[in-house]
Amino acid sequence: MPSIDFRVLEILTSKICHDLISPIGAVNNGVEFIQEMGAENAADGLDLIAFSAQQASAKLQAFRMAYGAGGADNSIKPEDVYNAIDAIIAPDNKIKQIWDKSTPIGLNEETFERPTGFAKVLIGALFLAIDSLPKGGTLNVTHATDKDFTVTASGENADFRDGNRQALALKIPETDLEPKNVHAYILGLLTQTYGFSITLDNAQNSVTIAVKL
C-alpha cells in the first residue's frame, strides 16, 4: 500500500476546508441577517441557511465517501454515488448527470459484488470530471463490461486542470502539489491501493476518465 506524505494530508485538508468554508460561512451570514433584521424579516435568512446547510451536508457526505474508510465498502452502489454527486451539483443547475444510476457497473456477474474501493474510485473520477467543466456541462458514466467504466464530461472548454495528469499518475513532486490538483493525486493513490488502473483523454469540449477494474 502506498504511503502518503504529511504534506499531502495538509494540502488535502486545506482543499476540503476551502470547499466547506463558503456554505458554512453562508449559514453564519443567514443567522446574522435574522438577528439584524428581526424575526418578521427572517424568510430570506432562513432560505440562505437552508440552502447553505444542504450544500455543506452534501459536500461532507461526498468527501466522506471519497476519502473516509467507509467509502471502501463494496456494498455502496452507483446510485449512492450518483445521489451524493447530485446533491452537490443540482442546486445551481450548471452541471447535470445523464447516466442511469441503477447501472450495474462494477458488479461481478458471478459473485454479484463490486470490488473494494469501487465507490471511492467512481466518486473520485466524477470529482475530477466536475473539475474539468469550467462553464458547466454534463456527466456520463458508461461501461462495456463489469471490468471497466468510463466517465465522460462534456461542456464548453472542458479540459483537465494543469497538473492533474501528472498528479493522477503520481509523477508530480509532493513539494509541487497544490490544492487544485491534490484530488487527482489522491485518486491516483486510491486506484493504486485498490488495484485499479485509470487513464485520461480529451477531445474538443470533452474529457474522458477510463477506469479498469
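**The buried interior**

Both Tyr 82 and Trp 99 are buried, a term for a relative accessible area under 20%, with exposed meaning over 50% and partly exposed in between, using a 1.4 Å probe and protein chains only. The model is predicted, with local features requiring pLDDT of at least 70, side-chain atom pairs counting only at pLDDT 80 or more, and totals for chains, interfaces and linings using all residues. Residues are numbered from 1 along each chain as its sequence is written, and side-chain values use heavy atoms, leaving out hydrogens and water.

The whole structure contains 4 aromatic pairs, meaning rings of Phe, Tyr and Trp (its six-membered ring) with centres within 6.5 Å, counted as stacked if the planes are under 30 degrees apart, edge-to-face if over 60 and tilted otherwise. Tyr 82 and Trp 99 make an edge-to-face pair, at 5.2 Å centre to centre with 70 degrees between the planes. This pair links distant parts of the chain, 17 residues apart, since Tyr 82 sits in helix 3 (residues 78–89) and Trp 99 in the loop between strand 1 (95–97) and helix 4; helices (H or I, at least four residues) and strands (E, at least two) are DSSP runs numbered from the N terminus. One aromatic cluster is formed by Phe 63, Tyr 67 and Phe 127.

Beyond four places in sequence, Ile 123 is in contact (heavy atoms within 4.5 Å) with Ala 62, Met 65, Ala 66, Val 81, Ala 84 and Ile 85.

Lys 120 also lies in helix 4, which covers residues 118–131. Lys 120 is buried yet has no salt bridge, the nearest side chain of opposite charge, Asp 73, being 11 Å away; Lys and Arg count as positive and Asp and Glu as negative, with His and the chain ends not counted, and a salt bridge needs a side-chain nitrogen of Lys or Arg within 4 Å of a carboxyl oxygen of Asp or Glu. A polar atom of the Lys 120 side chain does, however, lie 2.7 Å from the backbone oxygen of Gly 68. Among the residues that Lys 120 touches beyond four places in sequence are Tyr 67, Leu 190 and Tyr 194.

Note on methods: A polar contact is a pair of N or O atoms within 3.5 Å; within protein, one must be able to donate a hydrogen and the other to accept it, and residues adjacent in sequence count only if both atoms are side-chain atoms.
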